[in-house]
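Please have the display open while I talk.

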Amino acid sequence: MADNEIFDLDSFDFGEFDSLDTGVNVKRQPVQTPDVSNIVTFLKKRAMIVIFVIDISGSMKGARIGAVNDAVRNVLPELKKREKGNTSAEIKVAILEFSTNAHWRTLIPEPVSTFQFTDITDVYGGTNYGKVFEKLNEKLSADQFMSSTAGAYTPLIVFMTDGKPSDMGLYRETLDELKQNKWFRYSTRVGIAIEEGALSADCKRVLTEFTDKEKNVYEAKNTAILARQIKMGTLTGGECGSETG
């Protein structure tokens, strides 16, 4: 090409390629843009974790733990319905039991669609709130329960107890540490005070500190209404959690 010759891009021969922009030979290598509906099926849903914190201290023996078992078992189908109605969310369940100590019944959050709940039968010990706050702080992190490549909704935490803390003078330090956890701060929290707990000013006060909202503390003054309160707190809180996320 001479130095004074004008370069004409439209007349240039690209050889095996039909376009300099795409770098693709359309005749030999046809490319079809997939339909949006086909793409959506491959998108990962955002996880929403529902954590049930269940008091298994000695005072929960009998009708109280039986009512909790019934309530959790009955609320799971409702959560499954909510998941089916929300194409962007995958609901997962985790259960934290506590008495003198605390331990996770579920090592990782399990999809509600396949989660199988087995009744809690062993109840014993005191009511150590500080251990609950420690365990929550450990797992509410990106490398633990909140790990997800597609992000996650803020969690919902439902705390059920029938008594004030056994560690009344000690729990506050661990609660203050937990409140520095960003996942906890932005979570939706519900407290349910059961029978004696519903009559205890100390129990309701600490649950209010935990939830940060007095309206999020429910009173189940007898086991007959406990299932209704757990269902109401879980499903109402679940709506708030997904919106916040």
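This is a predicted model: local features need pLDDT of at least 70, side-chain atom pairs count only at pLDDT 80 or more; totals for chains, interfaces and linings use all residues.

Which backbone oxygen does the side chain of T174 reach? It is the backbone oxygen of Y171, at 2.8 Å, a polar contact in the sense of a pair of N or O atoms within 3.5 Å, where within protein one must be able to donate a hydrogen and the other to accept it, and where residues adjacent in sequence count only if both atoms are side-chain atoms. Residues are numbered from 1 along each chain as its sequence is written, and side-chain values use heavy atoms, with hydrogens and water left out.

T174 lies in helix α4, residues 171-178, where helices are DSSP runs of H or I with at least four residues, strands are runs of E with at least two, and both are numbered from the N terminus. Its relative accessibility is 13%, so T174 counts as buried; buried means under 20% relative accessible area, exposed over 50%, and partly exposed in between, with a 1.4 Å probe and protein chains only. Setting aside neighbours within four places in sequence, T174 is in contact with G130, F133 and E134, contact meaning heavy atoms within 4.5 Å.

Next, the partner of this helix. The axes of α4 and α7 (residues 201-211) come within 10 Å and cross at roughly 20°; axes here are lines fitted to C-alpha atoms, for helices over the stretch in contact, with angles running from 0 to 180 degrees between N-to-C directions. The two helices, α4 and α7, are therefore roughly parallel, since angles under 35 degrees count as roughly parallel, over 145 as roughly antiparallel, 65 to 115 as roughly perpendicular and the rest as oblique. Within α7 the buried residues are C203, V206, L207, E209, F210 and T211.

E195, another residue other than glycine, has a positive phi near 45°; E195 is found in the loop between β6 and α6 (196-199), and at 19% relative accessibility it counts as buried.

Now the cores. The largest nonpolar core has 35 residues, and F52, I54, I65, V68, M160, I192 and L226 have the most contacts inside it; such a core is a set of buried Ala, Val, Leu, Ile, Met, Phe, Trp, Tyr and Cys residues joined through side-chain atoms within 4.5 Å. Elements giving two or more residues to this core include β1 (46-55), α2 (63-84) and α8 (223-244), and α2 gives the most, with 8 residues. A second, separate core of 29 residues includes V53, F133, A152 and A198.

Finally, the overall picture: the chain has 8 helices and 7 strands, and 44% of its 245 residues count as buried. Among contacts between residues at least 6 apart in sequence, 75% join residues at least 24 apart.
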